[in-house]
Amino acid sequence: MQIIFDNVHYVYSSGTSFEKHALKGINLKINKGEFIGLIGHTGSGKSTLIQHMNGLIKATSGKIYFNGEDIYDKNFDMRTLRSKVGLVFQYPEHQLFETTVYKDVSFGPKNLGLDKLEVDLRTYEALKMVGIGDDLIDASPFELSGGQKRRVAIAGILAMQPEVLILDEPTAGLDPRGRDEILDQIAKLHKEKNITVILVTHSMEDVAKYVDRILVMNNGNLVMDEEKVKIFSRYKELEKMHLAAPQVTYVVNALKEKGIPVSTDVTTVDEAKNEILKVFKDKIQKI
Amino acid sequence: MDMIKTRDLTFEYIRRDEGGNVESINRAIDGVNLDVKKGDFIAILGANGSGKSTLAKHINALLYPTEGAVWVNGLNTAEEKNLLEIRRSAGMVFQNPDNQIIATVVEEDVGFGPENLGIPTEEILKRVEESLKAVGMFEYRKQSPNKLSGGQKQRVAIAGIMAMKPQCIVLDEPTAMLDPEGRKEVISTVCSLNKLEKITVLLITHHMDEVIYADKVFVMDRGKIVMQGTPREIFSRVDELKKYRLDVPQVTELAYELKKEGLDIPDGVLSIQELVDALLRLYP
């Protein structure tokens, strides 16, 4: 078990009129190498939850373990945790600040006190992982396109060589191709490096395409934690929580209601296509 | 008369060094001709950097053309005497609701615009009430905007624009930061303002499924308009859209894939219901 939450509560502005119980007794186990989606309406507690994972917020009560160690133990090294759990915030390109792409990405590893060679290696590797070519290494980050800037910002986190990568809405505001490029690269990284990935998003289509397991937050509670097909089969409950299922899930469910024998375990275009073709195979006209 | 008209609109971002010499020129809009009739619902699609937002900023005279001209309601945006009237008739809504809300109570926020126009108090109160009702947020009028969800905040921002009685609203990625329900709320609010209040709408978005309600869709690429048509016409051209870094709604893509496999399904399916109906017709 890489990350364990044991009855974690968090209360904002305790004792004031703004008091808010943002996390209400979260119990959660995350294994190394998982690809997890975290969904929930605005204000459901998603961001508060992920900020606990690298110690940016300290739980009001309850315990959190990272690789078996209690992160609130006085001997626990918080610095190590922050380098092992990389958190990419919303609009991470707003945090770019250096004069060149190279300097920006190498800022983190440099601060870890690594020698020049190691810093170089990590910087080049991280940029390669997000698909930024050598031609851009000396460019100013501010000259890049929106999608490129965001990838540079993600590279800055990857250069820390995290074991866990948490991304908060990494594709908000990107065009469809930019969205696919970033998510494809993260999926590749997850596969090749066996990094644990937690993807926070409002796009049900993205979650369906990439993750295995989904966590659903609602009003500070972790209300669902299952594999994605099971989560989206409960789309009526999701709608009550201001969420939804991918469009194709609605298509197969509507067909099923009309008595057509399709499986409703469908969350992506490919799955839907295969499932519908199985039932409609004798309707195919050869062109 | 056209609500918005542009002729050979060109805009260049010019970067200068410390000495004032031109370092580089980036042509963000390149000869765009646009005609938007009163009461139309227009959607603009395009990759990041294709010029959508730059175009939008010309419509309420936040930017002026480098070449060509823009008319809003017949008024040329390059003439300074028209500015107030243009900004009053074309309101803008941006991506992040938190950057657009300034007051501590919802109704005060909505009243801010008309107050600045020097409108009498009685009239302001009336407009605030009407606008909040039009976006379905009247029952929240006494609340703090901080307590609202993203979709609700964005509707308050839209009410703030409505209270200035615009003829046209330009929305630049208004749902990029919202959850699915918030997106639905904002889009259905925009649709009803268009249908019921006859407001001309110009919606810029990266969410393909929000475009299906528009009367007409424009696709931009590198500062030019490269495709235009009804949503059905545009979404029938799947391969062309992908070339411009765009996409189609998931259900449109599924229909397209099924058609490619030989099922008899019409082009440019836009909704879940249309695809289900098409499949049911095939099933005995």
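Biologist: In which sense do strand 4 and strand 5 of chain B pair, and over how many bridges?

Modeller: Strand 4 and strand 5 of chain B pair in the antiparallel sense, over two bridges. One of the residues concerned is Trp71(B), whose bridge partner in strand 5 of chain B is Asn76(B). Please keep in mind that this is a predicted model.

Biologist: What's the strand order of the open sheet in chain B?

Modeller: The open sheet in chain B has four strands in the order 2-1-4-5, and the pairing is antiparallel. Strand 2 (22–37) and strand 5 (75–76) of chain B stand at the edges, and because each has a single partner strand, one side of each is left without a neighbour in the sheet.

Biologist: And what order does the open four-strand sheet of chain A have?

Modeller: In chain A, the open sheet of four strands has the order 2-1-4-5, with antiparallel pairing. Its edge strands are strand 2 (20–30) and strand 5 (69–70) of chain A, each of which pairs on one side only. Strand 4 (residues 61–66) of chain A pairs with strand 5 of chain A in the antiparallel sense over two bridges, and Phe66(A) stands opposite Glu69(A) there.

Biologist: Which strands of that sheet does helix 1 of chain A touch?

Modeller: Helix 1 (residues 46–53) of chain A packs on the sheet and touches strand 1 (3–12), strand 2 and strand 4 of chain A, while its direction makes about 55° with that of strand 2 of chain A.

Biologist: Moving on to strand 8 of chain A: why is it called largely enclosed?

Modeller: Strand 8 (residues 196–200) of chain A is largely enclosed by the rest of the structure because five of its five residues are buried. Thr196(A), Ile198(A) and Val200(A) point one way from the strand, whereas Val197(A) and Leu199(A) point the other way, and all are buried.

Biologist: Which strands pair with strand 8 of chain A?

Modeller: Among its partners is strand 3 (residues 35–39) of chain A, which pairs with strand 8 in the parallel sense over four bridges, with Leu38(A) having Val200(A) as its bridge partner. Strand 7 (residues 164–168) of chain A also pairs with strand 8 in the parallel sense, over five bridges, and there Val164(A) has Thr196(A) as its bridge partner.

Biologist: Which residues touch the most other members of the largest nonpolar core?

Modeller: That core has 162 residues, and the ones that touch the most other members are Ala155(A), Ile166(A), Val251(A), Ala159(B) and Leu202(B). Leaving aside residues up to four places away in sequence, Leu202(B) touches Val36(B), Ile42(B), Ile44(B), Ala56(B), Ile59(B), Cys168(B) and Val170(B).

Biologist: How many residues does each chain put into the contact between A and B?

Modeller: Chain A gives 39 residues and chain B gives 36 residues. On the chain B side, helix 6 (180–196), helix 9 (250–260) and helix 10 (272–282) each supply at least two residues. By class, that side of chain B has 18 nonpolar, nine polar and nine charged residues.

Biologist: Backbone next. What are the phi values of Asp8(B) and Ala61(B)?

Modeller: Asp8(B) has a phi near 45°, and Ala61(B) has a phi of about 60°. Both values are positive in residues that are not glycine, and most residues other than glycine have a negative phi.

Biologist: Are those two residues buried or exposed?

Modeller: Asp8(B), which lies in strand 1 (residues 2–16) of chain B, counts as exposed because it has 12 C-beta neighbours inside 10 Å. Ala61(B) sits in the loop between helix 1 (52–59) and strand 4 (67–72) of chain B, and Ala61(B) is buried, with 22 other C-beta atoms within 10 Å.

Biologist: Where is Leu112(A)?

Modeller: Leu112(A) is in the loop between helix 3 (101–111) and helix 4 (116–129) of chain A, and with 15 other C-beta atoms within 10 Å Leu112(A) is partly exposed.

Terms used:
Residues numbered from 1 in each chain as written. Chains lettered and ligands numbered in written order. Predicted model: local features only at pLDDT ≥ 70, side-chain atom pairs only at ≥ 80, totals over all residues. Contact = placed C-beta atoms within 7 Å. Nonpolar A, V, L, I, M, F, W, Y, C, P; charged D, E, K, R; others polar. Buried ≥ 20, exposed ≤ 12 C-beta atoms within 10 Å, placed from the backbone. Core = buried A, V, L, I, M, F, W, Y, C linked by C-beta atoms within 7 Å. Pairing = 2+ DSSP bridges. Axes fitted to C-alpha atoms, helices over the stretch in contact; angles between N-to-C directions.
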